[in-house]
Amino acid sequence: MLTYGMQSGWVSPAITVLQSESSPAGYPLTDYDISLIASGISVLATCTAVIYGYISDSIGRRWTLVVIVIPQILCFALKLVSAHPICLMVSQALAGVAGGGVFTVAPIYIKEIAQDSLRGVLGSSGMFLGILGQLIMYAMGGYMNYYTVVWIVVWLPILNLIALFKIPESPAFLIKKGKVEVILQKMLSNFIIITKWRVTTCLDNLCKISPELQALSFPALLALGCLSSVFTVEKFGRKPLMITSAILIGVPLAILGALLLIQQNGGSFPSWLSVVCISACLYASGLLYPLPYVVMSEIFSIELRTKVLGVIVTSGWLFCALQAITFTPISEYFGRHTLFFGFACVNFIGAVLVYITMPETKGKTVEQIEKEFGGRK
């Protein structure tokens, strides 16, 4: 997840360098080149998410994670070989190949190795690492040499690959394959380490700070929200946090839509108000970000878990692509405020649906969750 965050966050800080006269490609890249490079992750992740679900059920969670980390290594390695646009496109496409598995297999593995009281914390921590990876890449990319950054981060997936040979296979998968004796052996030496991160950020005088720091504040706020989710998910539960965070996202989005409408009609408003709304929305987005993946990995039986999650992750990537495609035309024809009102409505509807249909999964076994679903029918 940390590597994925770095690879997805690599493009933004690299754009300035790649489009400059001193571009490592030998010439400035065009906006079209950048667009193709940036779209590689979403396109390939959409195509591979479901496939990883079947691979995971065939060869196991651990070996599938090994398969995932290989294209992550190649992604950074290709950036060291050449900064030619085609090479960078292939590089980000490889990140997408891995990304489809990151969001499908990693949450499943975490769920299956963690005791019930730690599922939320560990699941949220994984998602937090993704945002932390973006934050790290924004920080390095804004102030360090292009190739220096890549040389530093290329070792992360390599070390990850080595570490993956030390982790155990998922007990649920071993049981599914009839290898109960392996689980009994592993239980004798099994342990779980939980690591916590503390992230601090400040948005005072946002308009006066450098563009690099301004860009850095976005993933920092997301990371702070995600970190809050890590610390609170086992205390307050999944359902209350999902409802609260969805509302906390929807309200500032609706306010931003209203502010854009006021501005469009010649009105004015305090500049700090938009900063507060954006900051609140980013923080709440980080708070919500890991929770659906935690819940999705908990509510499905082992027979369906990876396949269904693969379909859901694929649909998520499709929605990301759809948003990217429709953002500009909707903004031009209906006004940007329409998008903010629309996204606010989506969050409000989501909060209502979670309240009505979703059971609380904190500390419950799959059997208990299924029984609760059965009682709702």
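1. Of the 377 residues in the protein, 47% are buried, where buried means under 20% relative accessible area, exposed means over 50%, and partly exposed covers what falls in between (1.4 Å probe, protein chains only). This is a predicted model, in which local features need pLDDT of at least 70 and side-chain atom pairs count only at pLDDT 80 or more, while totals for chains, interfaces and linings use all residues. Residues are numbered from 1 along each chain as its sequence is written, and side-chain values use heavy atoms, with hydrogens and water left out.

2. The secondary structure consists of 17 helices and zero strands, both taken as DSSP runs numbered from the N terminus (helices: H or I, at least four residues; strands: E, at least two). Among contacts in the protein with a separation of 6 or more, 81% are between residues 24 or more positions apart, a contact being heavy atoms within 4.5 Å. The accessible surface comes to about 18,400 Å², and carbon and sulfur atoms account for 69% of that area; the areas come from the Shrake-Rupley method with a 1.4 Å probe, and for residues only the protein chains shown count as cover.

3. Two helices can be checked for length against an expected span of 1.5 Å times one less than the number of residues. Helix α12 (residues 238-264) has 27 residues and should span 39 Å, which agrees with the 39 Å between its end C-alpha atoms. After α12 comes Gly266, whose phi is positive, near 90°. The buried residues of α13 include Ser274, Cys277, Cys281, Leu282 and Leu288.

4. How many aromatic pairs are there? The count comes to four, under a rule by which rings of Phe, Tyr and Trp (its six-membered ring) pair if their centres lie within 6.5 Å, with planes under 30 degrees apart called stacked, over 60 edge-to-face and the rest tilted. One of them is the edge-to-face pair of Tyr4 and Phe103, at 5.0 Å centre to centre and 90° between the planes. This pair links distant parts of the chain, since Tyr4 belongs to helix α1 (residues 2-9) and Phe103 to helix α5 (residues 85-113), 99 residues apart. Both Tyr4 and Phe103 are buried.

5. The rings of Tyr146 and Tyr147 also form an edge-to-face pair, because their centres are 5.0 Å apart and their planes lie at 90°. Tyr146 is buried, with a relative accessible area of 9%, whereas Tyr147 is partly exposed at 29% relative accessibility. Ring pairs join Trp10, Tyr146 and Tyr147 into a cluster.

6. Trp10 also has the charged end of Lys79 over its ring, 4.4 Å from the ring centre; the criterion is that NZ of Lys or CZ of Arg be within 6 Å of the ring centre and within 35 degrees of the ring normal. The charged end of Lys239 likewise sits over the ring of Tyr355, at 5.7 Å from its centre.

7. Two further residues deserve a look. Leu36, in helix α3 (residues 31-59), is partly exposed at 32% relative accessibility, and its C-alpha atom is 9.3 Å from that of Leu88, a residue 52 positions away in sequence. Thr64, in helix α4 (residues 61-81), is buried at 0% relative accessibility. Apart from neighbours within four places in sequence, Thr64 is in contact with Tyr52, Ile55, Ser56, Ile59 and Val105.
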